Amino acid sequence: MRIQETINGNIMTIRLTGSLDDASSHMVESRVNEIMTDEKVGEVNFDFSDLHYISSIGIRVLILAYKKAVKLGKTVIVTEMSDKVRIILKMVGILPIFSPGGVKK
Amino acid sequence: MSPKVGIYMRRAVLVSLSCNVVLFIIKAVALIVVNSLAIAMDLGITVVGLIVSIILYYSVKLAVKPADLIHNYGYGKVEHVCEAMEGVVLIGIALAMSSQALLSILHPKHVEMPWVGLVSCTVNVFLNFGGAWYISKMAKKSASPAIHAEGLHFRLEGFISAMIAGSFLLSIFLRGRGLSEIVVHIDPVTALLVSLVVIVPSFKLAKAAFFKLLDSSVEEDSQIEILKHLGHHIAEYCEFRDIKSRTAGQKKFVEFKIVVPEEISFKKGHTVIATLEDDIKQGIPDSEIMIKMEPCDKDCSFVANNEQCPYL
């Protein structure tokens, strides 16, 4: 798992490469938590175009990140995603909440 | 657990027992006549299968018993004990037979009447695959891990019998060509291959069973099902914490906490929990869901900015 971060104003883009599974989720969760609590960051954009797989633990990390963002008055969206990840997020039914203008709470 | 589940499990066990008795007789007779190490290995596996079938017969009766004052979570774990036993004993047999096969490769012996071995193994192939088909069908209907393991066992035995039948066919063919010096090595090499074929799935079976006995979480499908409903009801709670799950036979136990605003009425909080529990139960058959409610810490941006809480 590789995490690349780029910041543009108060928008942090996190690009994940590889698989978000049991092995990598802890590292991603810790990093996302740090980013979320950073006062300079107001919006987190996930770029999953090079993410090949997301397991249930990875989905849990995503939902927790979303909830944390709502709690702190920030926004989390998934800007890009591979077909495999899109299918999984769609199947779980959480794709709309990570779309721009998705569910707001 | 519905009474039908118990019926499916008992049917599977009876078929398993009957097939194992017939297989034992055929293989024992074939071993006496043919004197083959590969058949001895196959017979060893059947003996294990027969013993496990008998244990399974009593385990199934126990597993379907409802929870009581002593076993508050029911008796589902007895199925994993069966799985683990089957895996461990098969590994033991495979290791013993592979060492015997290695010795026989160094000091080879002729097998007698390979056509008897061929006929008996061919019959075994049909019996095993037929049994595997029926038992797997019952395993699917009952969602029982022990019955599922039994179905796998039968399928594995079917492949083993097919492999041994192939070795006898090869022996008959080579013997007809006067290549007896090669023929003597076929039987121990087949026994060694069978041992290797048995070790890998048996190890996986035992490992999975031990993990379940050590309360490993529910499988990926069920984990996703939990998250699916948490995602579906995302607008009704502040956050969720400490998802824990475990399996006991076909029964699954899930528990977690949801954080809700402290001002929420008890009735509304209970409704949120009850809806979530019902939805997850629908998605994961034979599951017990327990959700605890915790009040929020009021450390969110809504409180800081004096805004209306969206979860009220």
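The legends below describe views of chain B in a predicted model.

**View 1. Overall dimensions of chain B.** The C-alpha trace of chain B spans about 95 × 40 × 30 Å along its principal axes. Its radius of gyration is 27 Å, whereas a compact globule of 312 residues would have a value near 20 Å. Of the 312 residues of chain B, 43% count as buried.

**View 2. Secondary structure of chain B.** Chain B contains 9 helices and 3 strands. Read from the N terminus, the order of elements is α-α-α-α-α-α-α-β-β-α-β-α. Among contacts in chain B with a separation of 6 or more, 77% are between residues 24 or more positions apart.

**View 3. Helices α3 and α5 of chain B.** Two packed helices are described by the angle between their axes and the distance between the axes. Helix α3 of chain B covers residues 78-106, and helix α5 of chain B covers residues 145-176. Their axes come within 8 Å and cross at roughly 25°. Angles under 35 degrees count as roughly parallel, and α3(B) and α5(B) are therefore roughly parallel to each other.

**View 4. Residues at the contact of α3(B) with α5(B).** Which residues of α3(B) meet α5(B)? On the α3(B) side they are B:E79, B:H80, B:C82, B:E83 and B:E86. The residues they meet in α5(B) are B:P145, B:A146, B:A149 and B:H153. By class, the residues of this contact divide into 4 nonpolar, 2 polar and 3 charged.

Key. Residues numbered from 1 in each chain as written. Chains lettered and ligands numbered in written order. Predicted model: local features only at pLDDT ≥ 70, side-chain atom pairs only at ≥ 80, totals over all residues. Axes fitted to C-alpha atoms, helices over the stretch in contact; angles between N-to-C directions. Helix = DSSP H or I, 4+ residues; strand = E, 2+ residues; numbered from the N terminus. Parallel < 35°, antiparallel > 145°, perpendicular 65-115°, else oblique. Contact = placed C-beta atoms within 7 Å. Nonpolar A, V, L, I, M, F, W, Y, C, P; charged D, E, K, R; others polar. Rg over C-alpha atoms; globule rule 2.2 N^0.38 Å. Buried ≥ 20, exposed ≤ 12 C-beta atoms within 10 Å, placed from the backbone.
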